[in-house]
Amino acid sequence: MKLLIIASVVLMVGLNPSFAGTEKKIALSEVPQTVMKVLNQRFEKATLLTANIETEEDGSVVYEIQGKLSDGHLAEFDVFPDGKIEEVEIIFPIEMVPGAILKALDKKMHGFVPSKIEATHSASMKVVGYEFEGTLNGQKLDLEVSADGRTITIADQ
């Protein structure tokens, strides 16, 4: 019974939008100069296109800047107001995903067909995980895969 109550609370928290952060589209001109300066220095050849501000339930703020890298890949740069980079997400074609990741994904989610793949990078640009959007048996799924492929979880459900 205790387990059922805990599971119900977890489910309600996970599905209740009031517990999630809020995201608002903003103009690039509204992004603080500390954030823009870091991005322009670190990714000087990137083209910055759009921006969002995300406020988490704890009040913390992250600027999400969408752009295109010099190699043409689309990216999202998540940066705190002080200029510290939280993460960089780069959209990957399936050919760029390591074979070990694809093999692990096929083993756990056989038949999953990805439609969008993002590689999540740390501030040092080391891949720390992958996000896959796609379908499995006609059901849309968002999957989070660890950088080593050992952990695969269904996200945003």
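Trainee: In the hairpin of β3 and β4, which residue takes a positive phi?

Mentor: This is a predicted model, where local features need pLDDT of at least 70, side-chain atom pairs count only at pLDDT 80 or more, and totals for chains, interfaces and linings use all residues. Residues are numbered from 1 along each chain as its sequence is written, and side-chain values use heavy atoms, without hydrogens and water. Strands are DSSP runs of E, at least two residues, numbered from the N terminus. Five residues lie between β3 and β4, and the one with a positive phi, near 95°, is G72.

Trainee: Over how many bridges do β3 and β4 pair?

Mentor: Two strands pair if DSSP finds at least two bridges between them. K68 stands opposite L74 in β4. β4 covers residues 74–79, and its antiparallel pairing with β3 runs over six bridges.

Trainee: Why is β3 largely enclosed by the rest of the structure?

Mentor: Buried means under 20% relative accessible area, with a 1.4 Å probe and protein chains only. The strand spans residues 61–68, and β3 is largely enclosed because of its eight residues the number buried is six.

Trainee: Which residue in β3 is the bridge partner of N52?

Mentor: β2 and β3 are antiparallel, with eight bridges. They form a hairpin with five residues between them, where G59 has a positive phi of about 95°. In β3, N52 has as its bridge partner E64.

Trainee: Which are the edge strands of the open sheet?

Mentor: The sheet has nine strands in the order β1-β2-β3-β4-β5-β6-β7-β8-β9, paired antiparallel. Those that pair on one side only are β1 (22–26) and β9 (152–155).

Definitions and conventions:
Helix = DSSP H or I, 4+ residues; strand = E, 2+ residues; numbered from the N terminus. Buried < 20%, exposed > 50% of the residue type's maximum accessible area, 1.4 Å probe, protein only.
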